[in-house]
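Welcome! Take a look at the sequence and structure first.

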Amino acid sequence: MESHIKCIFPPSLQHGDQVGICAPSGAFDKEKFDQGVKILREMGFSVYIPSQIYDKRRYLAGTDRSRVDVIHQLFLDPSIKGIFCARGGYGALRILEYLDYQLIASHPKLFVGFSDITALLVTFSQRCAMGGVHGPVVTSLGISSPKTRSSFFQCLTGTSHLRMESPYALNFPDAVVLRDGRVVGEFIGGNLATLCHLAGTRFQPDFRDTILFLEEINEPPYKIDRMLTQMKLSGMLDGIRGLLLGSFINCGSVSTLQEIIMEIFDCDFVPIISGVAVGHGEDNWSLRMGITVEMDTFTRCIRALL
């Protein structure tokens with residue numbers, strides 16, 4: 001199990017910065033990818049695209065070694081200020097054992113993605129003490145909603161969401177409070193299935209003293225139950241301070257999911273906020289992971305703490 005280490009957060013991006021794109025997971029649709037690259041350029045970023053990311057090996061974007069080499073190349077290149085993932089899908093788990101975490105920790109940069117990319121965001125947080133951005137991948141950015149793009153840009157540039165330079169508050173007025181409370185912890189998490197697959201491996205994360213975020217898509221309630229139960233039995237959920245639930249798309253009735261959540265997280269001292277627009281839904285707000293936040297159910301918000 002990975003030990004808990006306080007993270008630093010890499011510098012925000014500036015207008016004109018060059019960013020690079022990697023493909024740690026699945027092969028991607030080029031038309032959707034090109035649309036996403038166009039959005040990045042319209043936001044004022046220069047985009048570097050390594051030729052290797054177009055490789056294909058079955059359902060993956062090239063071999064494991066090739067996908068790792070691109071990530072290392074982007075972290076080592078001083079002209080690259082941020083790294084975006086082309087797509088989720090599957091494949092990030094396969095490369096965890098090949099990544100050079102000392103190299104990555106020595107060259108901290110904004111690393112952005114969600115879904116399968118959760119495996120990298122969480123592992124970078126715990127092995128490199130480097131926070132990342134849970135936000136759209138390039139192929140989803142091109143077809144994303146205006147709210148998603150606005151949140152994405154603000155999160156990357158530090159003009160709003162979870163700024164480290166000044167106090168911050170992000171409100172979820174439409175969220176549902178399942179259990180009240182006010183807690184402080186490191187903000188971490190992502191896709192439920194991806195996190196569950198880390199259980200029992202040497203990359204199993206330590207979520208003690210964290211505010212855990214979870215989201216999912218296309219999993220029926222009994223599978224949600226099974227994944228959460230596995231995480232609980234493995235010890236992954238020991239010591240969490242709060243729970244923030246994002247979108248659970250095509251995962252059964254909301255009431256059934258809430259029942260499951262309340263049974264799994266049956267400790268009275270774990271506050272829970274549900275129904276936040278982060279994940280695979282129409283809106284996918286970007287969130288900075290690995291930073292210390294306060295979660296307050298009474299005001300339905302999280303605030304970054306200096």
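Aspartate 34 and lysine 30 both sit in helix H1 (residues 30-42), four residues apart, which is about one turn of the helix. Helices here are DSSP runs of H or I with at least four residues, strands are runs of E with at least two, and both are numbered from the N terminus. The two side chains form a salt bridge, with 2.8 Å between the closest N and O atoms. That term stands for a side-chain nitrogen of Lys or Arg within 4 Å of a carboxyl oxygen of Asp or Glu.

How open are these two partners? Aspartate 34 is partly exposed, with a relative accessible area of 34%, and lysine 30 is partly exposed as well, at 46%. The scale runs like this: buried is under 20% relative accessible area, exposed is over 50%, and partly exposed is in between (1.4 Å probe, protein chains only).

## How the model is read

This is a predicted model, in which local features need pLDDT of at least 70 and side-chain atom pairs count only at pLDDT 80 or more, while totals for chains, interfaces and linings use all residues. Residues are numbered from 1 along each chain as its sequence is written, and side-chain values use heavy atoms, leaving out hydrogens and water.

How many salt bridges does the structure hold? There are 11. One of them brings together glutamate 97 and arginine 202, at 3.8 Å from N to O. This pair links distant parts of the chain, 105 residues apart: glutamate 97 lies in the loop between helix H3 (92-95) and helix H4 (101-106), and arginine 202 in the loop between helix H8 (192-196) and strand S9 (210-217). Glutamate 97 is partly exposed at 48%, whereas arginine 202 is exposed at 54%.

Aspartate 206 and arginine 208 form another salt bridge, their closest N and O atoms being 2.4 Å apart. Here aspartate 206 is buried, with a relative accessible area of 2%, while arginine 208 is partly exposed at 45%.

For cysteine 7, the nearest cysteine sulfur belongs to cysteine 128, 9.1 Å away. Cysteine 7 is buried, at 12% relative accessibility.

Cysteine 22 is in no disulfide either, and its nearest cysteine sulfur, that of cysteine 85, is 3.9 Å away. Cysteine 22 is buried, with a relative accessible area of 0%.

How values were computed. Disulfide = S-S within 2.5 Å.
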